Amino acid sequence: MSKLGRLIVRPGLSALQKSAPEAAQRPFYSAVDKAIEEIVSKQPKGTGDQYLGMIMKAKGVKPAEVRDRGLDKALKGRGKMTGQDLIKTSEDMPAPQLEEKTLGMNLPKEALDDLESEVNKEINYKIQRMVDDGESESLIESTREYYSQGQGREELRQQVLREQPERFEYQYEAAYSGYKTPGGENYREILFKVPGKQAYKAKHFGEHGENVMAHARVQDMTGPNGERILLIDEIQSDIHQQGRKKGYSSPEERQYLVDKLARGEELTAEEEALRLKYLKGDMPADVPFKKNWHELVVKRLMDDAVKGGYDKVIIAPGEAQLSRYPLSKHIDDLTVGESYKGLRQISFRPKNDMAETALKFDESGVIKDSMIPELNGKDVYEVFGKDLGQKIVESKPYERFEGVDLDIGGQGMKGFYDQILPSYIKKEYGVDIGQYPVRAKEYGVVRGNRGGFTVVPEGGNMAVGPVYDTLEEAQAVANQMSKVPYHSIDITPEIRERITTQGQPLYQIAPVAGAVGAGMMASDEEPTEYRRGGKVRKPVSLDAMRLAVLSK
């Protein structure tokens with residue numbers, strides 16, 4: 001259902017006249033369009049200001065949609081007009097439109113069957129080696145179980161794909177597959193794009209990163225009783241992360257500054273600070289959904305859950321998010337050098353190791369030359385986590401990261417996943433948020449040097465806890481330590497009925513209170529807007545702005 005070109009919002013008032021089966025095919029409707037239809041039926045004539053006031057007061061209308069569409073500027077101060085004029089204005093300024101693209105593994109069924117066959121051969125080989133080495137039956141069975149499903153099986157899939165590239169010509173487009181919850185299937189990344197906006201690119205999505213407003217990483221799971229579960233690993237907006245930190249660019253705002261400088265007029269302190277921001281050229285485009293992008297993504301995924309026949313939706317909590325990027329546990333600090341022959345160098349010193357390590361990456365973030373050979377070909381987002389990876393790619397020469405910079409989100413990330421998302425879902429859908437234990441961490445069992453069994457984290461050899469006499473006892477502890485309570489939402493009959501027959505509003509009526517995730521959603525404050533009036537001439541380049549300053 002998620003394909004490039006799928007239009008989430010179809011503009012126009014006529015689209016509101018939908019039967020229940022048709023409504024089931026489109027997830028969102030515009031509350032503004034719905035309000036205009038009702039207003040015109042009651043008041044066929046009025047002024048622009050009158051119509052604007054009625055729209056803003058209408059039930060379900062959020063001011064953000066009015067601003068994103070530009071209807072406030074189009075109607076404010078406008079004289080007498082008819083209802084048909086209002087409809088024409090709204091159709092000329094339709095609700096924001098988004099396109100979707102889903103990234104994932106692209107292999108024909110025959111190749112997938114061959115891949116699974118090779119994975120089974122690899123499992124049998126590992127088991128036979130353990131039998132030949134005289135390992136216990138319980139340890140052999142535990143190993144077989146690990147590699148037969150979830151993260152263990154995915155590891156073997158990737159191993160086979162790497163070792164036999166000529167046999168499996170495939171395209172694994174997904175960017176973050178290494179950072180997903182173990183045990184899921186059909187991993188995919190859904191990109192929400194704003195057509196026509198070319199001022200921002202999410203670099204870690206490669207050629208697909210143009211115009212990405214937000215994205216979600218999801219998987220499928222099967223519960224113990226056969227329940228179909230939609231697992232949400234991540235919800236994120238890179239462009240609004242940057243906009244929250246740096247502000248948003250506006251052609252009209254920039255033109256106002258250029259014109260003022262060209263006239264030789266002095267800028268205010270606020271305007272001068274804004275001019276310097278524009279000269280840096282790193283502010284993202286002023287795309288819609290600044291405050292409610294996360295609501296939009298949640299509603300879109302709930303729509304998939306209902307129409308895909310899922311029984312439950314679970315969301316990875318802050319604890320699971322942070323455990324994927326535990327960089328500060330391994331590195332004290334790192335420094336990013338300047339560009340030389342198209343490459344930049346990262347220098348860092350691992351903890352408990354006096355030897356400094358370095359690697360070089362290109363402008364897209366791909367590691368080309370590393371003192372750790374297995375990192376070559378990966379990208380900085382995969383190695384350091386995407387939040388810090390983004391900072392590294394955009395860093396100034398010799399910028400240093402340490403302490404909280406290495407914590408990848410910290411409490412802000414926990415606030416977003418543990419407070420903002422659950423609070424919104426509870427309020428929007430009228431359901432309680434439960435807990436669903438998921439094996440999101442990996443702890444294994446190894447035989448102790450002096451007998452017994454110990455629990456160790458995946459990829460490590462430092463024992464956690466005491467020595468256990470039996471494998472079964474140690475395995476039970478490892479299983480318990482591996483489980484993390486995910487946020488759980490049951491797809492109730494009421495939710496199915498509402499989404500199937502009524503659809504969902506594109507914008508939500510009220511913002512959700514709560515902590516703001518670090519770089520994850522915009523603040524409640526709108527960016528500064530300049531409304532000086534006057535005719536806006538054609539855009540002038542940033543070079544013209546610089547020249548205007550130099551010629552003063």
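Tyr 398 lies in the loop between α16 (386-393) and β15 (399-402), and in this predicted model its phi is near 65°, a positive value in a residue other than glycine.

**Loop residues with positive phi**
- Tyr 398 has a relative accessibility of 55%, and because exposed means over 50%, Tyr 398 counts as exposed.
- Asn 211, which is found in the loop between β7 (185-193) and β8 (212-222), has a relative accessibility of 14% and therefore counts as buried, the cut-off being under 20%.

**The two sides of helix α6**
- In α6, which spans residues 83-92, the buried residues are Gly 83, Leu 86, Ile 87, Thr 89 and Ser 90; they cover an arc of only 160° around the axis, so they sit on the same side of α6.
- The exposed residues Gln 84 and Asp 92 are carried by the face of α6 turned away from its buried side.
- The cover over the buried residues of α6 includes the helices α2 (31-42), α3 (48-57), α4 (63-69) and α5 (71-75), together with the strand β3 (80-82).

**Packing of α2 against α6**
- The axes of α2 and α6 are 10 Å apart and meet at an angle of about 170°; because angles over 145 degrees count as roughly antiparallel, the two helices are described in that way.
- On the α2 side the contact is made by Asp 33, Ile 36 and Val 40, and on the α6 side by Gly 83, Leu 86, Ile 87 and Ser 90.
- The residues of this contact between α2 and α6 comprise 4 nonpolar, 2 polar and 1 charged.

How values were computed. Residues are numbered from 1 along each chain as its sequence is written. This is a predicted model: local features need pLDDT of at least 70, side-chain atom pairs count only at pLDDT 80 or more; totals for chains, interfaces and linings use all residues. Side-chain values use heavy atoms; hydrogens and water are left out. Buried means under 20% relative accessible area, exposed over 50%, partly exposed in between (1.4 Å probe, protein chains only). Helices (H or I, at least four residues) and strands (E, at least two) are DSSP runs, numbered from the N terminus. The arc is that of the directions from the helix axis to the C-beta atoms. Contact means heavy atoms within 4.5 Å. Axes are lines fitted to C-alpha atoms, for helices over the stretch in contact, and angles run from 0 to 180 degrees between N-to-C directions. Angles under 35 degrees count as roughly parallel, over 145 as roughly antiparallel, 65 to 115 as roughly perpendicular and the rest as oblique. Ala, Val, Leu, Ile, Met, Phe, Trp, Tyr, Cys and Pro count as nonpolar, Asp, Glu, Lys and Arg as charged, and the others, Gly among them, as polar.
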